[in-house]
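Take a moment to turn the model around before reading on.

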Amino acid sequence: MSLLKLNSIEIPLDSLIDFSQTYETIESSTIHRMGAAGLGRKQTLWTGKVRTVISASGWNPAGLSGVDFNSAVEIHCVAPRSKLGGVANINIGADSKRRSDGEYLPLAFGINGAGRTGTTVVVAANGDCSITPVAGATVYQVVYYPILTALFSSIPTESNDINSAQFSTELIAEEV
């Protein structure tokens with residue numbers, strides 16, 4: 001079993017004992033200040049791409065030497081993302097953009113003032129979600145695990161602490 005997969009390389013669990021993954025939406029934009037009051041106007045060329053940072057350590061090296069970091073890499077992510085909406089207006093991206101293996105299937109919840117209740121979700125190939133309504137829910141959440149096609153700004157760093165017998169890896173990638 002593996003949590004993280006880069007292209008067809010499955011990173012073993014004993015390399016991911018301590019694991020974290022962050023997501024950041026990136027865009028090409030600038031804010032123009034105009035007039036005597038300096039009112040701002042945002043101009044965006046593109047938006048919606050994702051930058052991710054993956055940090056992991058474990059008892060064994062991650063085995064990344066088999067991954068070609070000079071071209072785009074498909075990252076089967078471990079950290080979930082989610083979207084909120086109604087029972088029929090949430091889209092989590094096409095099949096090719098999210099994991100559907102094993103325990104990484106999308107999950108749905110109905111949310112009200114008392115908390116959240118699990119419910120069923122059917123996801124179309126294009127990512128449109130059909131959620132079974134929950135009595136009293138005012139909003140719905142779908143949790144999913146992305147697959148990013150990304151380029152690495154540099155080859156991931158790998159280190160070894162002999163004293164603690166820990167191998168560490170950090171990967172920084174931006175979606176193409």
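Find threonine 52 and look at what surrounds it: leaving aside residues up to four places away in sequence, threonine 52 touches Gln21, Thr22, Tyr23, Ile75, Leu148, Leu171, Ile172 and Ala173. Keep in mind that this is a predicted model, so what you're seeing was computed. Threonine 52 itself sits in strand β4, which covers residues 39-58. Is threonine 52 buried or exposed? It's buried, because its relative accessible area is 1%, and the cut-off for buried is under 20%.

Now let's move to a couple of loops. Between β1 (2-6) and β2 (9-12) there's a loop, and asparagine 7 is in it. What is the phi of asparagine 7? Near 55°, which is a positive value in a residue other than glycine.

With a relative accessibility of 43%, alanine 165 counts as partly exposed.

Time to zoom out to the whole chain. How many helices and strands are there in the protein chain? Zero helices and 15 strands. The contacts tell you something about how the sequence folds back on itself: among those between residues at least 6 apart in sequence, 69% join residues at least 24 apart.

What about the overall dimensions? Along the principal axes, the C-alpha atoms fill a box of roughly 55 × 55 × 30 Å. The radius of gyration of the protein chain is 20 Å, whereas a compact globule of 176 residues would have one near 16 Å.

Finally, consider the surface. Of the 176 residues, 34% count as buried. The chain exposes about 10,000 Å², and carbon and sulfur atoms supply 54% of that area. As for charge, there are 12 positive and 16 negative side chains, and the centres of these two sets lie 13 Å apart.

Note on methods:
Residues numbered from 1 in each chain as written. Predicted model: local features only at pLDDT ≥ 70, side-chain atom pairs only at ≥ 80, totals over all residues. Heavy atoms only, no water. Helix = DSSP H or I, 4+ residues; strand = E, 2+ residues; numbered from the N terminus. Buried < 20%, exposed > 50% of the residue type's maximum accessible area, 1.4 Å probe, protein only. Contact = heavy atoms within 4.5 Å. Rg over C-alpha atoms; globule rule 2.2 N^0.38 Å. Areas by Shrake-Rupley, 256 points an atom, 1.4 Å probe, with all protein chains shown as cover. Lys, Arg positive; Asp, Glu negative; His and termini not counted. Charge placed at Lys NZ, Arg CZ, Asp CG, Glu CD.
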